[in-house]
Amino acid sequence: MESALAALGLPTGRVDGVVNKYTRRAVCVYRDLNGLGASRRNPSATLTAQITSSTELPLLPRRLFGVKALVNRTCQAAYVTNNAGVIVRVLPVSTGKDNGFHATRTGFKR
């Protein structure tokens with residue numbers, strides 16, 4: 001599964017067969033991009049089979065075409081895109097806490 005996630009360009013960390021926080025981040029991104037709801041839970045056998053049979057990431061929803069970067073706070077990942085809805089890179093990020101001065105703002109920003 002980690003090899004399949006890495007082949008899709010998702011940040012898995014070292015591919016070593018151990019499901020760790022990096023693997024869970026990549027699974028979270030996979031879930032989010034495939035409309036399965038972002039979650040860092042360990043994958044089920046069904047999801048693992050789906051991941052290993054995937055050959056490419058889906059396009060973003062049409063309403064997001066033209067958006068250059070998206071941040072998913074649940075997955076702690078940023079999606080870099082082109083104007084056609086294609087995800088060209090997924091990067092690990094660390095967002096600010098939900099309270100206080102360093103909170104990561106939500107919504108669309110310029």
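**Contacts, burial and a disulfide in the predicted model**

Apart from neighbours within four places in sequence, threonine 12 is in contact with Glu2, Leu5, Ala6, Asn20, Tyr22, Thr23 and Ala26. The structure described here is a predicted model. Threonine 12 sits in the loop that runs between α1 (2-7) and α2 (21-33). Its relative accessibility is 4%, so threonine 12 counts as buried, the cut-off for burial being under 20%.

One disulfide was found in a search of the whole structure. A disulfide is a covalent bond between the sulfur atoms of two cysteines. In this model the bond joins cysteine 28 to cysteine 75, with an S to S distance of 2.0 Å. The two partners belong to distant parts of the chain, 47 residues apart: cysteine 28 is in helix α2, whereas cysteine 75 is in the loop between β1 and β2 (77-81). The disulfide is left-handed because the torsion about its S-S bond is about -80°. Cysteine 28 has a relative accessible area of 0% and is therefore buried. Cysteine 75, also at 0% relative accessibility, likewise counts as buried.

Glutamine 76 is found in the loop between β1 and β2, which also holds cysteine 75. Most residues other than glycine have a negative phi. Glutamine 76 is not a glycine, yet its phi is positive, at about 55°. With a relative accessible area of 17%, glutamine 76 is buried, since the limit for a buried residue is under 20%.

The surface was also considered. Leu59, Val86 and Val88 form a nonpolar patch there, and together they have about 250 Å² of accessible area. Leucine 59 lies in the loop between α3 (45-53) and β1 (69-72). The relative accessible area of leucine 59 is 51%, so this residue is exposed, as the cut-off for exposure is over 50%.

How values were computed. Residues are numbered from 1 along each chain as its sequence is written. This is a predicted model: local features need pLDDT of at least 70, side-chain atom pairs count only at pLDDT 80 or more; totals for chains, interfaces and linings use all residues. Side-chain values use heavy atoms; hydrogens and water are left out. Helices (H or I, at least four residues) and strands (E, at least two) are DSSP runs, numbered from the N terminus. Buried means under 20% relative accessible area, exposed over 50%, partly exposed in between (1.4 Å probe, protein chains only). Contact means heavy atoms within 4.5 Å. Patches are made of residues with over 30% relative accessible area and no salt bridge: like charges are joined within 9 Å, nonpolar side chains (Val, Leu, Ile, Met, Phe, Trp, Tyr) within 5 Å. Accessible areas come from the Shrake-Rupley method with a 1.4 Å probe; for residues, only the protein chains shown count as cover. A salt bridge is a side-chain nitrogen of Lys or Arg within 4 Å of a carboxyl oxygen of Asp or Glu. A disulfide is a pair of cysteine sulfur atoms within 2.5 Å.
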